[in-house]
Amino acid sequence: MLTGRCLCGACSYEIAGEPIIVAHCHCLDCQRLSGAGHTTGAMFAEDGIRLHGEPASFSLVSEAGNTVTRLFCATCGSPLFGRNSGMPGVITVMLGTLDEPAPLTPQVAIFTRSRRAWDPIDPTVVSFEAQPSWTPADPV
Ligand SMILES: [Zn+2]
Ligand SMILES: [Zn+2]
């Protein structure tokens with residue numbers, strides 16, 4: 001069981017189950033979302049997550065035409081989760097909000113074509129120029 005929370009503690013969560021994949025995303029939306037060079041997120045089956053608190057949300061349409069919804073704490077602004085209409089039933093958890101992220105290891109870096117020169121790609125992962133065509137049933 002993994003647990004996590006936002007910076008102020010108004011939102012917290014528990015996750016059961018194994019991650020589908022753990023990824024660094026260097027896309028421009030993730031740069032704005034994080035205020036940094038990339039986000040690092042772990043995808044889980046959404047039914048394994050128990051949420052406490054009421055995160056605010058913001059949705060936009062991705063390059064691929066999917067609706068991407070970002071959930072964040074309305075009080076402190078911590079980005080907590082992401083959903084993508086192209087992957088129903090799956091939620092991405094922002095790794096830095098976990099209380100103990102040590103057991104999770106990033107496997108891939110995606111959208112590396114948007115990477116900034118000051119944000120080197122993790123040399124331990126498989127990298128993709130854009131979004132690879134994986135599915136939750138068949139990750140990289
Ligand atoms: Zn908060
Ligand atoms: Zn991204």
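Student: What radius of gyration would a compact globule with 140 residues have, and what does the protein have?
Tutor: A compact globule with 140 residues would be near 14 Å, and the protein has 14 Å, so the two agree. The radius is taken over C-alpha atoms, and the globule rule is 2.2 Å times the number of residues to the power 0.38. This is a predicted model: local features need pLDDT of at least 70, side-chain atom pairs count only at pLDDT 80 or more, and totals for chains, interfaces and linings use all residues. Residues are numbered from 1 along each chain as its sequence is written, while chains are lettered from A and ligands numbered from 1 in the order in which they are written.

Student: What are the spans along the principal axes?
Tutor: The C-alpha trace spans about 35 × 30 × 30 Å.

Student: How many helices and strands are there?
Tutor: One helix and eleven strands. These are DSSP runs, numbered from the N terminus: H or I of at least four residues for helices, E of at least two for strands. The order is β-β-β-α-β-β-β-β-β-β-β-β.

Student: Which strands form the open sheet of three?
Tutor: The order is β1-β2-β5, with antiparallel pairing. Edge strands β1 (2-5) and β5 (49-52) each pair on one side only. Pairing takes at least two DSSP bridges between two strands.

Student: How many bridges join β2 and β5?
Tutor: Four, with β2 covering residues 12-15. There, E14 stands opposite R50 in β5.

Student: New topic. What share of the residues is buried?
Tutor: 29% of the 140. Buried means 20 or more other C-beta atoms within 10 Å of a residue's own, exposed means 12 or fewer, and partly exposed is in between, with C-beta atoms placed from the backbone.
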